[in-house]
Amino acid sequence: MKRVLFVCMGNICRSPTAEGVLRQIARDRGVEDAVEIDSAGTGNWHVGNPPDHRAQEAAFRRGIDLSGLRARQVGADDMEYYDLIVAMDRRNRSHLVSMAQPRHRHKIRFLLEFSEQYEQEEVPDPYYGGDHTFDLVLDMIEESCERLLDTIADR
């Protein structure tokens with residue numbers, strides 16, 4: 001089993017969306033038992049909260065239910081436990097690298113490294129954008145998670 005952790009700033013927009021998307025893709029492919037998926041934030045201000053209602057609405061329109069997810073903060077134990085730690089942007093990746101032991105830093109990747117469609121490194125934070133920003137982020141996450149699961153399956 002592969003263990004994947006998605007990380008953004010507060011764990012209420014991008015990372016829970018990625019968690020929900022990858023769970024759905026794994027379920028659709030019949031490999032949900034082959035991958036453990038979670039998400040966390042580098043900050044602690046939303047711990048225990050559900051995903052942002054706009055992220056939930058955008059995902060729900062695509063058949064993905066995020067309502068049962070709750071924000072948590074990434075911890076040092078996560079570096080040991082997860083096989084792949086997927087950052088949404090440079091700031092969060094930098095935070096993850098600084099908290100990881102050198103032997104775990106190779107696990108930290110950008111989500112868009114797996115994309116064949118998007119050339120930038122960062123998934124933009126939709127929190128301060130309009131509703132359309134959540135749909136754009138969801139497009140990026142869906143395409144990247146398809147490729148990420150392909151990569152996991154190839155190993």
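I started with helix α1, residues 14–29. Helices here are DSSP runs of H or I with at least four residues, and strands are runs of E with at least two, numbered from the N terminus. I found that α1 has 16 residues and reaches 22 Å from its first C-alpha to its last, close to the 22 Å expected at 1.5 Å a residue. That expected span is 1.5 Å times one less than the number of residues.

The model is predicted, so local features need pLDDT of at least 70, side-chain atom pairs count only at pLDDT 80 or more, and totals for chains, interfaces and linings use all residues. Residues are numbered from 1 along each chain as its sequence is written, and side-chain values use heavy atoms, with hydrogens and water left out.

Next I checked burial (buried is under 20% relative accessible area, exposed over 50%, partly exposed in between; 1.4 Å probe, protein chains only). In α1, 12 of the 16 residues are buried, so the helix is largely enclosed by the rest of the structure. Among them are R14, P16, E19 and L22. Their cover includes β1 (2–8), β2 (35–41) and α5 (131–154). After α1 comes G30, with a positive phi near 75°.

I moved to N49, in the loop between β2 and α2. N49 counts as partly exposed because its relative accessibility is 34%. Leaving out residues up to four places away in sequence, N49 touches L69, R70 and A71 (contact: heavy atoms within 4.5 Å).

Last, I looked up S144 in helix α5. S144 has 0% relative accessibility, so it counts as buried. Beyond its neighbours within four places in sequence, S144 is in contact with L111, L112, F114 and S115.
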